[in-house]
Amino acid sequence: GWALPLDKLLPAQHFADNLHPDDRDRVMEHLNQTVLNTAGTMWEDAFRYRRADGTYAYLLGKGFISRGKKEKVVRMIGVLHDISEQQYQQELQELE
């Protein structure tokens with residue numbers, strides 16, 4: 001995996017740069033739409049994300065969007081959960 005910076009913040013560009021090329025546009029569009037929707041406070045999506053060793057993991061990302069004055073996004077707090085094993089098992093079942 002990736003080590004988080006000391007401030008524990010994952011820069012948005014780092015996140016986008018490490019999405020699998022086939023998932024990047026879809027995930028970023030979904031995230032941007034959630035952020036732009038002033039009623040949006042939760043984001044969730046599944047995608048492939050490049051590990052530090054260059055391989056990809058299947059992740060489930062979940063985030064809570066904190067808004068301030070005039071519904072402006074203040075920050076997003078979230079978690080990335082590795083679902084690679086579940087994804088591989090599902091793909092194997094689909095092949096049978």
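Okay, a definition to start: I call a residue buried when its relative accessible area is under 20%, exposed when it is over 50%, and partly exposed in between, using a 1.4 Å probe and protein chains only. What you see above is a predicted model, where local features need pLDDT of at least 70 and side-chain atom pairs count only at pLDDT 80 or more, while totals for chains, interfaces and linings use all residues. Residues are numbered from 1 along each chain as its sequence is written, and side-chain values use heavy atoms, with hydrogens and water left out.

Now the overall picture. We have three helices and three strands, running α-α-β-β-β-α from the N terminus. Those are DSSP runs numbered from the N terminus, with helices being H or I of at least four residues and strands E of at least two. The C-alpha trace spans about 50 × 30 × 20 Å along its principal axes. Of the 96 residues in the protein, 26% are buried.

On to the salt bridges. By that I mean a side-chain nitrogen of Lys or Arg within 4 Å of a carboxyl oxygen of Asp or Glu. How many turn up in a search of the whole structure? Four.

Let's start with Arg 26. Its partner Asp 23 forms a salt bridge with it, the closest N and O atoms being 3.8 Å apart. Both sit in helix H2, residues 21-36, and because they are three residues apart there, about one helical turn separates them. Buried or exposed, what is Asp 23? Buried, at 8% relative accessibility. Arg 26, on the other hand, is partly exposed at 39%.

Arg 26 also meets Asp 45 in a salt bridge, 2.7 Å from N to O. Arg 26 is in helix H2 and Asp 45 in strand E1, residues 42-50, so this pair ties together parts that are 19 residues apart in sequence. Asp 45 counts as buried too, at 11% relative accessibility. And there's a network here: salt bridges link Asp 23, Arg 26, Asp 45 and Arg 48.

Then, Asp 82 and Arg 51: another salt bridge, with the closest N and O atoms 3.8 Å apart. Asp 82 lies in strand E3 (residues 73-82) and Arg 51 in the loop between E1 and strand E2 (56-67), so the pair ties together parts 31 residues apart in sequence. Here Asp 82 is partly exposed, with a relative accessible area of 39%, and Arg 51 is partly exposed as well, at 27%.
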